[in-house]
Amino acid sequence: MEEKKRLLIYEKLNLLAEAFSKLLYEEDTVFLEGMKEKNLAGDSLEKYRHWEWTQGVGLYGFYRLYQKEKKEVYLDLLKEYYDNQLEIGFPALNVNTVTPYLAMSFLGELLQEEKYLKPCRESADWIYKNFPRTKSGGFQHRTSDSENSEELWDDTLFMTVLFLANMGRILNCKSYLMEAQYQFLLHIKYLTDCKSGLFYHGWTFKEKHHFADALWGRGNSWLTMAIPEFLEISGCEGASRRILIEALERQVKALSRCQCENGMWRTLLLDESSYQEASATCGFGYGILRAVHLNYIDPKYKICALKALEPILNLVDEAGVLNQVSYGTPMGRESTDFYKQIPIHPMPYGQAMAILYLSELLS
């Protein structure tokens, strides 16, 4: 990569990092208003204010950036965030409130700080023993405000299962690692669209279908990102490793066919009437690069990740905000048109996915 391009990427990375600290504490008023009536656990809303999957994905991306840059200011931001939440207390566990524990587990391991590791150990133990299950033992996609009984969603692997796997590695707990491995295999079994090679957003064991049959962009990107991360964290071997890598390469092959001419991907991957979406594009770019760098997939797919660079750089504005990011997306239960109506709004996870993508480009 030419030096001029590398400097531009580095400049955009710094802008994204600066903007992240503001977006991290931006209140999601739509979510918080809904929680006033739909808080399934009935605990204090203050605990959820800045502790959800939207922050959790962002924190993971930011921790990875700290690993590469080693800037103390990045580490300070992470410590300040978690110290603040320790004062407030943690909300009840569900798929989405588990997500911030992923970066916290890495932070606790790095610093060997019991105040960070203890909540992670307790949460991993609860997930393994008590997490709501579907038929076949899948992690039910129970969120802060929705039961989603007997439902598997592709989000769950990144939001919850990666954390359980990482705690399995940290604690040398084979049971956690085997459970995480099972969840990956089960979700892939039920969410794979064998015709396209892509993944459906969800599956219901009650009605035995894939809801609106949506091949949703960001949902697919969670798997593109999560599979390489899981393989690296878990050291998964044998037949399971082969199945996961084959599923990833099959998906990436399909992504190479549906990528837009300008390098972006759409919010509905095979629907040309749906809008192009930045967080999914960054997720695909990162996951593909990560998989190539770790020798999981054919290096020829790197060109797809590189093709996304120009539009993503253009979408990072002067304030460091990644634009063209779709807001948090629940299940489209009846029609794929639902996904086209999701509003565009800057989000912490958009910042993080761009940070992961651009920093992997510099690796």
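Residues are numbered from 1 along each chain as its sequence is written, and side-chain values use heavy atoms, with hydrogens and water left out. In this predicted model, local features need pLDDT of at least 70 and side-chain atom pairs count only at pLDDT 80 or more, while totals for chains, interfaces and linings use all residues.

Q: Which residues of α7 are buried?
A: Buried means under 20% relative accessible area, exposed over 50%, and partly exposed in between (1.4 Å probe, protein chains only). In α7 the buried residues are Tyr116, Leu117, Pro119, Cys120, Ser123, Ala124 and Ile127.

Q: Within what arc do the buried residues of α7 fall, seen down the axis?
A: An α-helix has 3.6 residues a turn, so residues three or four places apart point the same way. The arc is taken from the directions from the helix axis to the C-beta atoms. The buried residues of α7 line one face of the helix, because they fall within an arc of 165°.

Q: What covers the buried residues of α7?
A: Contact means heavy atoms within 4.5 Å. The cover includes other helices of the model. Among them are α4 (72-88), α5 (95-98), α6 (100-111), α8 (155-171) and α9 (174-191).

Q: How many residues of α3 are buried?
A: The 17 residues of α3 should span 24 Å at 1.5 Å a residue, and its end C-alpha atoms are 24 Å apart, which agrees. After α3 comes Lys70, with a positive phi near 60°. The helix itself is mostly covered, and its buried residues number 14 of 17.

Q: What is the volume of the largest pocket?
A: Rolling a probe the size of a water molecule over the atoms shows where empty space is left. On a 1 Å grid over the protein atoms alone, a pocket is an open set of points where a 1.4 Å probe fits, with protein on both sides within 12 Å along at least five of seven lines; lining residues have an atom within 4 Å of a point. Grid points are joined across faces, edges and corners, and a volume is the space filled by probe spheres set on the points. For the largest pocket it is about 860 Å³.

Q: Which residues that line the largest pocket are the closest to its centre?
A: The lining has 38 residues. The closest to the centre are Phe31, Asp145, Tyr327, Gly328 and Pro330.

Q: Which element gives the largest share of the lining of the largest pocket?
A: The elements that give two or more residues are α2 (29-38), α3 (53-69), α8 and α10 (217-234). The largest share is five residues, and it comes from α2.

Q: How many residues of the lining of the largest pocket are charged?
A: Ala, Val, Leu, Ile, Met, Phe, Trp, Tyr, Cys and Pro count as nonpolar, Asp, Glu, Lys and Arg as charged, and the others, Gly among them, as polar. The lining has 15 nonpolar and 13 polar residues. The charged residues number ten.

Q: Is Phe211 buried or exposed?
A: Phe211 sits in the loop between β2 (202-204) and α10. Its phi is near 55°, a positive value in a residue other than glycine. At 11% relative accessibility, Phe211 counts as buried.

Q: What is the phi of Asp213?
A: Asp213 is also placed in the loop between β2 and α10. At 45% relative accessibility, Asp213 counts as partly exposed. Asp213 is not a glycine, yet its phi is positive, about 60°.

Q: Which residues does Val316 touch, not counting residues up to four places away in sequence?
A: Val316 is in the loop between α14 (309-315) and α15 (337-340). At 2% relative accessibility, Val316 counts as buried. Its contacts are Lys12, Leu16, Val321 and Leu322.

Q: How far apart in space are Glu27 and Arg49, C-alpha to C-alpha?
A: Glu27 is in the loop between α1 (3-24) and α2. Glu27 is in contact with residues including Arg49. The two are 22 residues apart in sequence, and their C-alpha distance is 6.7 Å.

How values were computed:
Helices (H or I, at least four residues) and strands (E, at least two) are DSSP runs, numbered from the N terminus. The expected span of a helix is 1.5 Å times one less than its number of residues.
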